[in-house]
Amino acid sequence: MDFKKYLNDKKSLIDQELDLYLPMEDADPSIIHKAMHYSVFSGGKRIRPILTLATAELLGMDIKNALHTACGIELIHTFSLIHDDLPCMDDDDFRRGKPSCHKVYGEAIALLAGDALLVHAYKMILKNTEIKKIKKNTILNLFDEMTRCVDTENMLGGQVKDIIQEKMEDKKVFLCNLYKQKTSALICASIRAGAILAEAKKKEIKALTKYGECIGLAFQITDDILDMMQDQRNKNKITYPGEFGLKTAKIDSEELIKEAKGALKIFNDKADFLYEFADYIFLRQR
Ligand code: GRG
């Protein structure tokens with residue numbers, strides 16, 4: 001399979017769908033809609049929605065029926081990035097090499113644009129009711145998945161730990177739990193959402209969950225490695241490579257990638273894309 005082409009093709013589909021369903025930029029009050037568009041279309045890799053589509057496809061589903069869900073997931077991701085960059089959180093002036101949402105639209109509008117994207121994400125999940133092939137119960141399961149990955153046991157709780165970084169007994173345990181909540185939960189939910197939509201069997205969901213947890217954790221460790229190598233590390237926060245060194249961080253991340261691929265065995269050679277994606281997590285440069 002041509003991995004790069006697969007990524008580009010799916011990204012185009014997702015971009016088109018997002019453009020179709022986001023409120024128009026000039027809809028009243030236009031400033032919030034402009035801010036939403038600014039952050040949604042500022043060069044994200046779309047890895048989470050691509051994972052949703054790829055998982056649905058692996059399980060035999062027509063991916064056009066997974067597009068609403070995939071886009072909902074990307075909107076949750078974008079909401080989290082806008083809020084993460086705010087001065088009261090990570091206080092980042094740049095995102096993807098461009099001024100962060102609050103630097104362009106001000107803090108209040110950026111905060112509200114993030115809120116609006118989160119609400120819109122759940123509206124996208126509800127749009128699945130328009131697709132006859134998707135059962136109501138499947139949509140309820142999706143809703144459960146998409147709320148759980150954001151709640152205080154996951155993203156929100158992870159963000160709290162990231163900000164507070166209280167005294168910790170064991171730094172590795174602390175960091176792995178934080179990364180699982182803050183980053184891995186949404187990545188894992190992106191994969192599980194594809195499986196839920198495709199009405200996967202229990203053993204398939206179990207294997208994909210293991211895969212998602214492992215690549216999710218490896219993704220955040222790699223993100224920290226890239227930040228450290230590009231000297232973009234927030235020096236006030238502890239990170240995996242910061243605590244254990246670049247070499248250990250790379251070895252542990254590679255081990256997680258191996259574990260992730262191991263979980264795909266039950267799909268034989270049908271999971272080509274997910275195998276390659278696991279390597280991409282580790283080898284990516286941005
Ligand atoms: C207020 C409910 C609520 C949640 C906010 C701010 C927050 C909680 C969580 C932040 C979580 C966060 C920003 C995690 C970082 C994850 C991460 C490594 C993001 C970068 O992902 P990429 O590389 O980004 O996929 P692109 O730019 O490609 O979209």
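Guide: Before we start, one cut-off: a polar contact here is a pair of N or O atoms within 3.5 Å. Also keep in mind that this is a predicted model.

Visitor: OK. How far is the polar side-chain atom of arginine 96 from an oxygen atom of the ligand?
Guide: That distance is 2.7 Å for arginine 96. Because a polar contact needs N or O atoms within 3.5 Å, the arginine 96 pair at 2.7 Å falls inside the cut-off.

Visitor: And how much of the ligand does the protein bury?
Guide: The protein buries 91% of the 750 Å² that the ligand exposes when taken alone.

Visitor: What about lysine 45 and histidine 77, how far are their side-chain N or O atoms from a ligand oxygen?
Guide: For lysine 45 the distance is 2.5 Å. For histidine 77 it is 2.7 Å.

Visitor: Which residues come nearest to the ligand overall?
Guide: There are 19 residues around the ligand, and Lys45, Arg48, His77, Phe79 and Arg96 come nearest.

Visitor: How does that shell split by class?
Guide: The shell has six nonpolar, seven polar and six charged residues.

Visitor: Which helix gives the most to the shell?
Guide: Helix 4 does, with six residues. Helix 4 covers 67–85, and the helices that each supply at least two shell residues also include helix 3 (47–58) and helix 10 (202–229).

Visitor: Let's stay on helix 4. How many residues does helix 4 have, and what span does helix 4 reach?
Guide: Helix 4 has 19 residues and reaches 27 Å from its first C-alpha to its last. That is close to the 27 Å expected at 1.5 Å a residue.

Visitor: Why is helix 4 described as largely enclosed?
Guide: Because 19 of the 19 residues of helix 4 are buried, the rest of the structure largely encloses that helix.

Visitor: Pick a residue from there. Is histidine 68 buried or exposed?
Guide: Histidine 68, which is found in helix 4, has a relative accessible area of 8%, so it is buried. Setting aside neighbours within four places in sequence, histidine 68 is in contact with Glu17, Tyr21, Met124, Lys127, Asn128 and Ile131.

Visitor: Switching topic: where is leucine 51?
Guide: Leucine 51 is in helix 3. Leucine 51 counts as buried because its relative accessibility is 0%.

Visitor: What does leucine 51 touch?
Guide: Leaving out residues up to four places away in sequence, leucine 51 touches Ile187, Ser190, Ile191, Ile215, Leu274 and Phe277.

Visitor: And how far apart are leucine 51 and serine 80 in space?
Guide: Leucine 51 and serine 80 are 18 Å apart, C-alpha to C-alpha, and 29 residues apart in sequence.

Visitor: Now tyrosine 122. Which helix holds tyrosine 122?
Guide: Tyrosine 122 is found in helix 6, residues 107–126. At 15% relative accessibility tyrosine 122 counts as buried.

Visitor: What is tyrosine 122 in contact with?
Guide: Apart from neighbours within four places in sequence, tyrosine 122 is in contact with Ile76, Phe143, Met146, Thr147 and Val150.

Visitor: Last one: where is threonine 209, and what does threonine 209 touch?
Guide: Threonine 209 is in helix 10. Threonine 209 touches Cys188 and Arg192, not counting residues up to four places away in sequence. Its relative accessible area is 14%, so threonine 209 is buried.

Technical notes:
Residues are numbered from 1 along each chain as its sequence is written. This is a predicted model: local features need pLDDT of at least 70, side-chain atom pairs count only at pLDDT 80 or more; totals for chains, interfaces and linings use all residues. Side-chain values use heavy atoms; hydrogens and water are left out. A residue is near a molecule or strand if one of its heavy atoms lies within 4 Å of it. A polar contact is a pair of N or O atoms within 3.5 Å; within protein, one must be able to donate a hydrogen and the other to accept it, and residues adjacent in sequence count only if both atoms are side-chain atoms. Accessible areas come from the Shrake-Rupley method with a 1.4 Å probe; for residues, only the protein chains shown count as cover. Helices (H or I, at least four residues) and strands (E, at least two) are DSSP runs, numbered from the N terminus. Ala, Val, Leu, Ile, Met, Phe, Trp, Tyr, Cys and Pro count as nonpolar, Asp, Glu, Lys and Arg as charged, and the others, Gly among them, as polar. Buried means under 20% relative accessible area, exposed over 50%, partly exposed in between (1.4 Å probe, protein chains only). Contact means heavy atoms within 4.5 Å. The expected span of a helix is 1.5 Å times one less than its number of residues.
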